Protein chains: 2
Amino acid sequence: MAAAGEAKRLTRRGSERRRQLLDFATERFAAEGYHATSVAEVVHGVGVGKGVFYWYFESKEALFEEILRETQADFRRALLEAIGSEEDVVRRIELGLRASIRWLDAHRNLLDLFQFAATESRFAPTLHQSQERLFHELDRHIADGVDQGRLRQADPALLTQAILGVLTQLTRSFLRDDGPPADEVADAAVSFCLGGLLPR
Amino acid sequence: MAAAGEAKRLTRRGSERRRQLLDFATERFAAEGYHATSVAEVVHGVGVGKGVFYWYFESKEALFEEILRETQADFRRALLEAIGSEEDVVRRIELGLRASIRWLDAHRNLLDLFQFAATESRFAPTLHQSQERLFHELDRHIADGVDQGRLRQADPALLTQAILGVLTQLTRSFLRDDGPPADEVADAAVSFCLGGLLPR
DNA sequence: GGCTCTCTTGACCGTCGGGTCTAGTTTGAT
DNA sequence: ATCAAACTAGACCCGACGGTCAAGAGAGCC
């Protein structure tokens, strides 16, 4: 069985197998959902026996959590990179929104996966843990903006969540094959959110 | 087994049992989630045998769909009642937002249930069907507002979804026992959305 | 009493799916 | 060559759960 706390020693071959399983499972979870994707399906898809799965992962649940953490970390990385060293608060928010939509467009159905994780009490903590830092940073920026008088006087936490709501919903609704280009969605999100954020 | 298309003839005793099951299951689904709530748990909670469940419902899935339709219909009813005969477009949106938050506050965890349904491909159609009319009406109001120049020039469908996103997220984040009063959340939602909607 | 139709019981069934285990094979260090 | 550790196969185990069924109990009607 897989080691609990400490990482296993893997050969090159081993880590490639692990990656294969991780990638394939991510794709299936995103496309079919967690419950609808069985371990048997995953190992069959990769073309290995079931024992291989449990050699690399403790359980289906642990695998899912790892996928959550990994994808969330990548999202965060893309976001920080996009914002870079921009100083202006409002501009930071705009850059962040656009980068988020670009990332989500490139990873489409991962959003369903996050959404699902948010509704299952056993996965919600993992999700929340990954998001916490991000929320916290966004909160701080917004609080700064409010202090500077650049943003509307309101509870920063509420503004943060409102922005996330717009982002989530627009992404879920419009980033599909028959939808408008991601840029247009991003424009709409930005102007709506800035309208909601800036003082009148 | 339960009749497929046509409704069954139920005595008074029968419809009371049915209601009991429906209410108890709704509560469990909302609290634990669909997968985590077994039929056995539901019948045990109501204190009846398993056969009773399948006397009144075709399947667990059918029950869940009925709950979805019923709760969505109630939400819609509350919304229409709140908006009433108000003429002003902007005011209608505000009334709608406030009524939605009030309803969701009174029904808390039903939002998780909707959210879950949206991520399962077999339930998404049911959910979408119930929501379609509502979205459509909201779309129309917003399109009117845009035409009248009362609202920012933008794709009404995008504006509609943005509003829903704000509503959903704020509700999910803040309507909990240790959260702020619903009125405050509603105020924030209204001012954010109107900021995003009105022309600058 | 007898007849029917609604309703109830709970043991039982079949399947599905996560997880285990044993008996191996491959790899790589010495 | 040898030995241990990394890896692999897939049959098997077992509990959970949705759903069925035969055998009735209650209630209303003649």
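## Symmetry of the two chains

In this predicted model, chain A is superposed on chain B by a rotation of 180° with 0.0 Å of shift along its axis, at an RMSD of 0.1 Å (least squares on the C-alpha atoms of residues with pLDDT of at least 70 in both). That is the relation of a two-fold axis.

Because the model is predicted, local features need pLDDT of at least 70 and side-chain atom pairs count only at pLDDT 80 or more, whereas totals for chains, interfaces and linings use all residues. Residues are numbered from 1 along each chain as its sequence is written, and chains are lettered from A in the order in which they are written.

## The contact between the chains

Chain A and chain B each bring 26 residues to the contact, two residues being in contact if their C-beta atoms, placed from the backbone, lie within 7 Å. On the side of chain A, the elements that give two or more residues are α6 (110–119), α8 (156–174) and α9 (182–197), helices being DSSP runs of H or I with at least four residues, numbered from the N terminus. The largest share, ten residues, comes from α8(A).

Of the interface residues of chain A, 100% are also interface residues in chain B, so the copies meet through the same surface.

## Helix α4 of chain B

Helix α4(B), residues 60–83, has 24 residues and reaches 35 Å from its first C-alpha to its last, close to the 34 Å expected (1.5 Å times one less than the number of residues). Just after α4(B), G84(B) takes a positive phi of about 55°.
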